[in-house]
Amino acid sequence: MTKKYYIETYGCQMNVADSEVVASILGDAGYEPVTDIKVADIILVNTCSIRDNAEQRVWGRLDLFRSEKRKRPQVIVGVLGCMAERLKEKLLESDKMVDMVVGPDAYRELPMLVETAGSGHTAVNVLLSREETYADISPVRLESNGVSAFISIMRGCNNMCSYCVVPYVRGAERSRDPETIVREAREVFDKGYREVTLLGQNVNSYSNSIGFPGLLDKVASIDPLLRVRFSTSHPKDLSDDVLELMSRHDNICKHIHLPVQSGSSNVLTRMNRKYTREWYLERIAAINRILPGCNLSTDIIAGFCGETEEEHQDTLDLMREVGFDFAYMFKYSERPDTKAARHMKDDVPEDVKTRRLNEIIALQNKLSGVSKRSDIGKTLEVLVEGKAKKSIARKDTARNLSSDNASQDTAVTMMGRTSGNKVVVFQASGIKPGDYVNVEITSATSATLIGNII
Ligand code: SF4
C-alpha cells in the first residue's frame with residue numbers, strides 16, 4: 001500500500017521551498033501527497049519560529065493532529081523546520097504525541113526517520129549542516145499557480161541580528177552551486193513557469209565564483225519571458241553592481257525588498273544590523289539613481305529593547321522619506337537564546353509596542369495608497385497569475401472589451417503582478433496564467449491596482 005503523507009507549511013518563502021524539497025524526497029521514496037489528514041498515514045507540519053505567535057499556531061495544530069492520532073494510532077506525526085530545530089526533543093516530551101522531529105538540514109533522512117517512527121521508535125534528526133543545500137533535488141511545486149516558482153539559492157545566515165532566531169535554527173550560511181540553480185530555473189521555464197524568485201535569508205551575500213550579480217545575470221539570460229525576483233536583501237550588502245545588473249535586464253523585476261527594521265541608528269546598533277540610518281538612506285538613493293521607479297518594500301519592528309519615543313519617531317520619519325510601497329510590520333517578540341534575550345531587557349510595555357505598531361501601520365497604509373495612486377493613468381505590463389479572488393464591477397472596465405456581448409459575457413476578473421510586484425486586477429476573456437498583458441490603470445485601493453486591458 002502506497003503510504004500517504006499530508007504536509008502543511010508555516011512561515012517564510014524559504015519554508016515553502018523546503019516543503020517542496022520534502023515532497024520531492026518523499027515522492028522519490030514512494031510516498032503520495034494527500035490534502036486531507038483523515039486519509040494520511042504521515043502528518044507533517046513545517047514550522048516557523050520567527051515570533052512566538054508563529055509557534056503558538058503550531059501547538060494548536062498539534063492538538064488537532066493528536067486527536068487524529070487518537071482515532072488512528074498508527075498515524076505518524078512529524079514536526080519539521082525551525083521550531084523542530086529550536087525545541088528538538090522537547091517536542092517529543094510534550095503531550096502532543098509527536099513521533100518525529102526533523103530539522104531544516106535533515107530532510108534527506110525523512111524516509112528512514114518515517115520507517116523508524118513507524119516501528120514505534122521516536123525519530124529525531126536536528127543536526128545542522130555546513131554543506132547541505134539540497135542542490136541536486138528537484139522540488140515538487142506544491143500549491144503552485146503554475147506561473148511563479150521559488151528557488152532557494154542559499155541556506156542559513158551569518159548576520160546574527162540580536163533579535164533573530166534564524167542563525168540558530170537554520171545554521172551558517174552556505175551557497176548553492178550556480179549551475180544547479182540555472183538548471184532548475186530553465187526546467188521551470190520549460191514547464192511553462194514565467195517567474196522565479198531566488199530565495200535566501202540574505203541573497204546579497206551569495207558567495208561562489210560568480211557572486212550574486214553573476215547569478216542574476218545567468219538566470220535572467222535564460223529567456224526574456226522569464227521574470228526574475230529575489231528576496232531577501234540585506235542593506236549592508238546591497239551593492240551598486242546588483243543595481244546596475246538589474247538595470248541591464250528588463251526581465252529582472254524592478255522591486256527590491258530591503259528590510260530596515262528601524263529608522264534609528266541607535267536601535268540598529270542594538271539590533272546588530274551592521275548599518276546606520278544614513279547608510280540605509282544612501283542605499284535607497286542609489287536605487288532611485290540607478291533604477292528610477294523601482295518599487296520598495298521593507299520589514300519594520302516596533303518596540304525593540306530600549307526603544308525611546310524619539311527612536312520610534314525616527315522610524316516613522318524614515319518611512320516618510322523613503323515612501324515604501326509595502327511593509328511587513330511587527331511588534332518585537334523576544335526569541336529565546338537570541339543575543340537580545342540574553343543581554344537586553346524587553347522593556348517596552350506591550351501597550352506602547354501596540355500603539356507604536358498601529359502608528360507605523362497607519363502611516364504605511366497612507367504611503368501604500370500614495371504609491372498605488374501614482375500609477376493611475378499609467379499602462380503597466382502585468383504577468384497574469386490567474387482569476388482574481390473577487391470580481392470587479394463590470395461597468396468599471398467593460399469599455400475596452402470588444403463590443404460584442406459574447407466576450408463581455410465571458411469576461412472574468414483576472415489578477416497578476418507588475419514588475420514592481422503590485423497586484424493588478426482587470427476584466428478579460430481568453431487570457432490565461434503566464435500571459436503578459438498591458439493594463440491601463442484606472443483606479444487603486446491601498447492594496448490593489450484596477451485597470452483595463454489594452
Ligand atoms: S539577516 Fe538578520 S534578521 Fe535576517 S535572517 Fe539573518 S539574522 Fe535573521
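**Close-up 1. Y163, F304 and Y332 are linked into a cluster by ring pairs.** Rings of Phe, Tyr and Trp (its six-membered ring) count as a pair if their centres lie within 6.5 Å; planes under 30 degrees apart are stacked, those over 60 are edge-to-face, and the rest are tilted. Keep in mind that this is a predicted model, where local features need pLDDT of at least 70, side-chain atom pairs count only at pLDDT 80 or more, and totals for chains, interfaces and linings use all residues. Residues are numbered from 1 along each chain as its sequence is written, and side-chain values use heavy atoms, with hydrogens and water left out.

Close-up 2. Searching the whole structure turns up seven aromatic pairs. Helices (H or I, at least four residues) and strands (E, at least two) are DSSP runs, numbered from the N terminus. Both F304 and Y332 are buried; that term means under 20% relative accessible area, with exposed being over 50% and partly exposed in between (1.4 Å probe, protein chains only).

**Close-up 3. F326 and Y328 also make an edge-to-face pair.** Why does this pair count as edge-to-face? Because the ring centres of F326 and Y328 are 4.9 Å apart and their planes are at 80°. F326 is partly exposed, at a relative accessible area of 39%, and Y328 is partly exposed too, at 42%.

**Close-up 4. R51 lies over the face of F330.** A charge sits over a ring if NZ of Lys or CZ of Arg is within 6 Å of the ring centre and within 35 degrees of the ring normal. For R51, the distance to the ring centre of F330 is 3.4 Å.

**Close-up 5. K69 sits in helix α2 (residues 52-71).** Is K69 buried or exposed? K69 is buried, with a relative accessible area of 9%. Setting aside neighbours within four places in sequence, K69 is in contact (heavy atoms within 4.5 Å) with V75, V77, M97 and D99.

**Close-up 6. The whole structure has zero disulfides.** A disulfide would be a pair of cysteine sulfur atoms within 2.5 Å. For C82, the nearest cysteine sulfur belongs to C48, 6.3 Å away. C82 is buried, at a relative accessible area of 9%.
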